[in-house]
Amino acid sequence: MEEDGIIEPLDDDDLPEGAREVTSDYDPSEEETTFGSLTSSVNGHVWEYGRRYHAFRYGRYPIPNDEEEYKRESIRHTMLKDLLGGKMFLAPIGDNPQKIIDLGTGFGEWAIEVGETYPCAKVTGVDLSPIQPHWIPPNVDFIVDDVEDEWVHANDYDFAHFRFVNTLLKDNVAVLGRVFQNLKPGGWIEIQDILPHVGSDDNTIPPNYPLIRFYAMLKPVLRDKYGFDIRLMDRIMVLLESVGFVHVQRKVFHMPVGEWARDSHLRLLGGYFREVMLDFVGAMASRPLVEAGYDRDDIDDMVREVHATFANRRIHAYLPIHFVWAQKPPA
């Protein structure tokens, strides 16, 4: 089953020596986790191009983990929660889940709020960066690791959640297969992500629209350097079915880029999304596009043009955000 539509109110080491600065938030440690054995390298950060990145599995993930990125994730979290009328997800997991895992948890806001909503559940967040808060609900914990690693144990989850993660994974088939293996029979998975196909219902997108040019620049960079498919959401339902999931469903929201909508709720969401996308464009311009060899002046010009068009309320552009959920067959 699938539902598409508009939103409705509610209803590398190329740097010269010394150019990187390594820092750490956590004390060095070694521990056994769901994903295997970790070393103290998980606790570090690397500063490059004026932004902070994870040191563990250095270069694996091209998005920073600094205060600017925290702001972006926080705004995005608020936006998606507002979009769903206060809900955190759409999968019908019931009222009494026992174990929930948030894969690619980032700064951990989703995991913390879900832990507060379901005090009966053990909620685990997994991320490459040690950037989650120390003061958390007693039923929430965080693991610093790569979600693409093998899982060692803990094959009894009720719910696995991904938010804006899968388009930045190298092997979604393998990851989804491991999730399938580690869910209880009857357990659920939900994936939330953007399909970067810029649309407009009234043909107000001008020729050579900067956001379309940005994605045209970014797609081959993420594919060739990192192995990512930013158009994954086109085929995610087929991938879920291929690893064994059933009852695969999808809902697509056309998220306004900017505050051009007449409806006040859509205008609010569009304002959130404008900030999220501006910070994302800035993050990609800071490292991946530079390392791909694009001229810095050309990158700066493109970023300025994106900013200008996002403020133009005569351009009624949107991006589709997909919510896809599926179930492991009950026993």
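Biologist: How many helices and strands are in the chain?
Modeller: Eight helices and 13 strands. Both are DSSP runs, numbered from the N terminus: helices are H or I with at least four residues, strands are E with at least two. This is a predicted model, so local features need pLDDT of at least 70, side-chain atom pairs count only at pLDDT 80 or more, and totals for chains, interfaces and linings use all residues. Residues are numbered from 1 along each chain as its sequence is written, and side-chain values use heavy atoms, with hydrogens and water left out.

Biologist: What share of the residues counts as buried?
Modeller: 56% of the 331 residues. Buried means under 20% relative accessible area, exposed means over 50%, and partly exposed is in between, with a 1.4 Å probe and protein chains only.

Biologist: Let's look at α3. Is that helix mostly covered or mostly open?
Modeller: Mostly covered. Helix α3 spans residues 172–182, and eight of its 11 residues are buried.

Biologist: Which ones are buried?
Modeller: Asn-172, Val-175, Leu-176, Gly-177, Arg-178, Val-179, Phe-180 and Asn-182.

Biologist: What do they pack against?
Modeller: Strands β7 (99–103), β10 (157–163) and β11 (183–194), plus helix α5 (236–242). Contact here means heavy atoms within 4.5 Å.

Biologist: What is Arg-178 in contact with?
Modeller: Glu-148, Asp-149, Glu-150 and Trp-151, leaving aside neighbours within four places in sequence. Arg-178 and Asn-155 are 9.3 Å apart in space, C-alpha to C-alpha, and 23 residues apart in sequence.

Biologist: On to salt bridges. How many in the whole structure?
Modeller: The search finds 16. A salt bridge is a side-chain nitrogen of Lys or Arg within 4 Å of a carboxyl oxygen of Asp or Glu.

Biologist: Which side chain does Lys-225 meet?
Modeller: Glu-291, at 3.9 Å, N to O. This pair links distant parts of the chain: Glu-291 is in helix α7 (residues 288–291) and Lys-225 is in helix α4, 66 residues apart.

Biologist: Are those two buried or exposed?
Modeller: Glu-291 is buried, because its relative accessible area is 18%. Lys-225 is at 38%, so it is partly exposed.

Biologist: What about Arg-287 and Glu-291?
Modeller: Their side chains also meet in a salt bridge, at 3.6 Å, N to O. Arg-287 has 1% relative accessibility, so it counts as buried.

Biologist: And which residues form a network through shared partners?
Modeller: Start with the pair. Arg-274 and Glu-275 meet at 3.0 Å, N to O. Glu-275 is partly exposed, with a relative accessible area of 26%. Salt bridges that share partners join Glu-259, Arg-274, Glu-275 and Arg-313 into one network.

Biologist: Backbone next. What stands out about the phi of Phe-164?
Modeller: Phi is positive, about 55 degrees, although Phe-164 is not a glycine. Phe-164 lies in the loop between β10 and α3. Its relative accessibility is 11%, so it counts as buried.

Biologist: And the phi of Asn-203?
Modeller: Asn-203 has a positive phi of about 55 degrees, and it is not a glycine either. Asn-203 sits in the loop between β11 and α4 (210–226). Asn-203 is exposed, because its relative accessible area is 73%.

Biologist: Where is His-322, and is it buried or exposed?
Modeller: In strand β13, residues 318–327. His-322 is buried, at 4% relative accessibility.

Biologist: What does His-322 touch?
Modeller: Ile-191, Gln-192, Asp-193, Leu-195, Met-233, Arg-250, Lys-251 and Val-252, not counting residues up to four places away in sequence.

Biologist: Last one. Which residues gather in the patch of negative charge on the surface?
Modeller: Asp-295, Asp-297, Asp-298 and Asp-300. Patches are made of residues with over 30% relative accessible area and no salt bridge; like charges are joined within 9 Å, and nonpolar side chains (Val, Leu, Ile, Met, Phe, Trp, Tyr) within 5 Å. Lys and Arg count as positive, Asp and Glu as negative; His and the chain ends are not counted. The place of a charge is NZ of Lys, CZ of Arg, CG of Asp or CD of Glu.

Biologist: Where does Asp-298 sit?
Modeller: In helix α8, residues 296–310. Asp-298 is at 47% relative accessibility, so it counts as partly exposed.

Note on methods: Accessible areas come from the Shrake-Rupley method with a 1.4 Å probe; for residues, only the protein chains shown count as cover.
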